[in-house]
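Please keep the sequence and the three-dimensional view at hand while reading.

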Amino acid sequence: MTLYNTKNTELVWRGVTLSGFASEKINITQGAEPSNVTFIGISGETMNCPNPKRTWQITSKFLANSTSYKILEQDNLNHTEDILLVRDLNTGEINLFTNCTISTVGSRCDSNLRTVSWLASKRNFK
């Protein structure tokens, strides 16, 4: 699990730098599924393939009245799939999450906060 501070991090979704964060943390986790799946053929041969069930989840909280939240809410309704870029401004490190979709949007913490979660199949094309 990785925690990023929103003051030192940029989130870019579909070419738009997101703003209006309600929390100071961006949480990135990876599923607990194994990285590879072993397939066994008829003659006993084996082949290891990447596990498609192993996904990345990126979660952040936004203010309900922010412009970014309204964009994310609309993308959730349209089932938009794109790249989510997470840029650490201190180190210059960039993480690209590809085949990324919004899995939940609008989970209410209170009347002003909304949780947005993305699911991605790959990080940095791996």
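The structure is a predicted model, in which local features need pLDDT of at least 70 and side-chain atom pairs count only at pLDDT 80 or more, while totals for chains, interfaces and linings use all residues. Residues are numbered from 1 along each chain as its sequence is written, and side-chain values use heavy atoms, with hydrogens and water left out. The protein contains 1 helix and 11 strands, where helices (H or I, at least four residues) and strands (E, at least two) are DSSP runs numbered from the N terminus.

**Overall fold**

- Along the sequence, the elements follow the pattern β-β-β-β-β-β-β-α-β-β-β-β.
- Of the 126 residues in the protein, 33% are buried; buried means under 20% relative accessible area, exposed means over 50%, and partly exposed lies in between (1.4 Å probe, protein chains only).
- Among contacts (heavy atoms within 4.5 Å) with a separation of 6 or more, 59% are between residues 24 or more positions apart.
- The protein exposes about 7600 Å², and carbon and sulfur atoms supply 49% of this area; accessible areas come from the Shrake-Rupley method with a 1.4 Å probe, and for residues only the protein chains shown count as cover.

**The nonpolar core**

- In soluble globular proteins, nonpolar side chains tend to be buried together.
- A nonpolar core is a set of buried Ala, Val, Leu, Ile, Met, Phe, Trp, Tyr and Cys residues joined through side-chain atoms within 4.5 Å; the largest one here has 21 residues, and Ile-58 and Trp-118 have the most contacts inside it.
- At least two residues of this core come from each of E2, strand E4 (25-30), E7, helix H1 (67-77), strand E8 (81-88), E9 and E10.
- E9 gives the most to this core, with 4 residues.
- Leaving out residues up to four places away in sequence, Ile-58 touches Ile-26, Asn-27, Ile-28, Leu-84, Phe-97, Val-116, Ser-117, Trp-118 and Ala-120.

**Aromatic pairs**

- The whole structure holds 3 aromatic pairs, counted when the ring centres of Phe, Tyr or Trp (its six-membered ring) lie within 6.5 Å; planes under 30 degrees apart are stacked, over 60 edge-to-face, and the rest tilted.
- The ring centres of Trp-13 and Trp-118 are 6.2 Å apart and their planes stand at 55°, so this pair is tilted.
- Because Trp-13 lies in strand E2 (residues 9-13) and Trp-118 in strand E10 (residues 113-120), the pair ties together parts that are 105 residues apart in sequence.
- Trp-13 is buried at 1% relative accessibility, and Trp-118 is buried at 0%.

**Two further buried residues**

- Ile-102, found in strand E9 (residues 94-108), is buried with a relative accessible area of 10%.
- Apart from neighbours within four places in sequence, Ile-102 is in contact with Trp-13, Leu-72, Asp-75, Asn-76, Thr-80, Val-116, Ser-117 and Trp-118.
- Ser-60, in strand E7 (residues 56-63), is buried at 2% relative accessibility.
- Not counting residues up to four places away in sequence, Ser-60 touches Phe-21, Lys-25, Ile-26, Arg-114, Thr-115 and Val-116.

**Strand E2 and its partners**

- In E2, 4 of the 5 residues are buried, so the strand is largely enclosed by the rest of the structure.
- E2 pairs with E8 in the antiparallel sense over 5 bridges, two strands being paired if DSSP finds at least two bridges between them.
- Within this pairing, Glu-10 stands opposite Arg-87 in E8.
- E2 also pairs with strand E3 (residues 16-17), antiparallel and over 2 bridges, and Val-12 has Thr-17 in E3 as its bridge partner.
- The hairpin of E2 and E3 has 2 residues between the strands, and Arg-14 there takes a positive phi near 55°.

**Salt bridges**

- The structure holds 4 salt bridges, each a side-chain nitrogen of Lys or Arg within 4 Å of a carboxyl oxygen of Asp or Glu.
- One of them joins the side chains of Arg-14 and Asp-75 (2.9 Å, N to O), linking the loop between E2 and E3 to helix H1, 61 residues apart.
- Arg-14 is partly exposed at 42% relative accessibility, whereas Asp-75 is buried at 5%.
- Lys-7 forms another with Glu-24, the closest N and O atoms being 3.6 Å apart; Lys-7 is exposed at 59%, and Glu-24 is partly exposed at 42%.
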